[in-house]
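Reader: I have a new structure open and I'd like a quick tour. Can you take my questions as they come?

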Amino acid sequence: MAILSVADGRGNVRQIQLGRGSLVLGRSSDCDVVLDDGYVSREHVRVVSDTTSSEYFVQDLNSKNGTWLNGEKLGPTARVLGDGDRRALGNNRVTIAFSESDTTLTLGAGLSADLGVDLASREVFINAQRVTPPLSRKEFDILALLWRRRNEACSRDDLAQSGWPERGPGDVSDAEIEQYVRRIRRRIEANGGNPARIVTLRGYGYKLVHP
């Protein structure tokens with residue numbers, strides 16, 4: 001039996017057993033699951049089951065402040081939910097986890113994917129708020145590589161190829177790469193001098209840590 005665990009900004013957690021059909025979450029009293037939060041739209045997101053399989057799908061309902069699935073902003077197209085998937089609504093105070101079993105999930109701030117990178121629009125979000133001014137082209141291209149390969153080691157050569165495609169192998173110095181990584185850290189880290197998101201892999205490169 002599939003379960004949704006919903007945590008609101010007040011620390012309250014609800015376990016919702018999913019059946020067949022559609023489940024709408026939002027601020028309106030007409031929703032199946034009412035979320036009392038000013039950053040949540042009246043009808044924010046829908047979870048629907050596939051009548052021909054055991055899969056569940058999630059779809060943003062054109063919400064004002066967006067829906068995030070594992071740190072990626074959802075578009076209008078429905079996405080398949082997998083065991084352990086996490087969603088953030090509005091300003092990231094409302095977090096939702098999906099489980100394919102009846103296992104109780106613990107939700108809290110540590111489960112919220114507070115960094116989001118929209119590769120299509122080339123925008124970066126922190127706690128569902130757009131980072132402004134936007135990153136430069138080179139900064140975003142480097143971050144995009146780290147995001148696509150999050151939690152994986154990326155070599156300095158990988159970053160050079162992504163950020164400086166116009167230059168040949170070995171033509172980008174370590175100092176140039178480090179300079180741009182510092183710039184990105186200043187934009188997305190709470191403390192650029194003590195980074196928690198982009199960590200240095202000494203003698204190799206960098207890794208973007210993401211839950």
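Reader: Which strand does Asp118 lie in?

Author: Asp118 lies in strand β12, residues 115-118. Strands here are DSSP runs of E with at least two residues, helices are runs of H or I with at least four, and both are numbered from the N terminus.

Reader: Before we go on, what kind of model is this?

Author: This is a predicted model: local features need pLDDT of at least 70, side-chain atom pairs count only at pLDDT 80 or more, and totals for chains, interfaces and linings use all residues. Residues are numbered from 1 along each chain as its sequence is written, and side-chain values use heavy atoms, with hydrogens and water left out.

Reader: Back to Asp118. Buried or exposed?

Author: Asp118 is buried, yet has no salt bridge. Buried means under 20% relative accessible area, exposed means over 50%, and partly exposed is in between (1.4 Å probe, protein chains only). A salt bridge needs a side-chain nitrogen of Lys or Arg within 4 Å of a carboxyl oxygen of Asp or Glu.

Reader: Which side chain of opposite charge is nearest to Asp118?

Author: Lys73, at 5.4 Å. Lys and Arg count as positive, Asp and Glu as negative; His and the chain ends are not counted.

Reader: What is Asp118 in contact with, then?

Author: Leaving aside neighbours within four places in sequence, Asp118 is in contact with Lys73, Glu123, Phe125 and Phe140. Contact means heavy atoms within 4.5 Å. Also, a polar atom of the Asp118 side chain lies 3.3 Å from the backbone nitrogen of Ser121.

Reader: How many salt bridges are there?

Author: The count comes to eight. One of them pairs Arg150 with Glu72, with the closest N and O atoms 2.6 Å apart. That pair links distant parts of the chain, 78 residues apart: Arg150 is in the loop between α1 (137-148) and β15 (154-155), and Glu72 is in strand β8 (residues 72-73).

Reader: How accessible is Glu72?

Author: Glu72 has 26% relative accessibility, so it counts as partly exposed.

Reader: Where does Arg122 lie?

Author: In the loop between β12 and β13 (123-126). Most residues other than glycine have a negative phi, and most peptide bonds are trans.

Reader: Which peptide bond is cis?

Author: The bond from Thr132 to Pro133 is cis, with omega near -5°. Pro133 sits in the loop between β14 (129-130) and α1.

Reader: New topic. What is the strand order in the open sheet?

Author: Five strands run in the order β4-β3-β5-β6-β9, with mixed pairing. β4 (33-34) and β9 (79-80) stand at the edges with a single partner strand each, so one side of each has no neighbour in the sheet. Two strands pair if DSSP finds at least two bridges between them.

Reader: How do β5 and β6 run?

Author: Antiparallel, with five bridges joining β5 (residues 45-49) to β6 (residues 56-60). Val45 stands opposite Asp60 in β6.

Key:
Polar contact = N/O pair within 3.5 Å; in protein donor to acceptor, adjacent residues only side chain to side chain.
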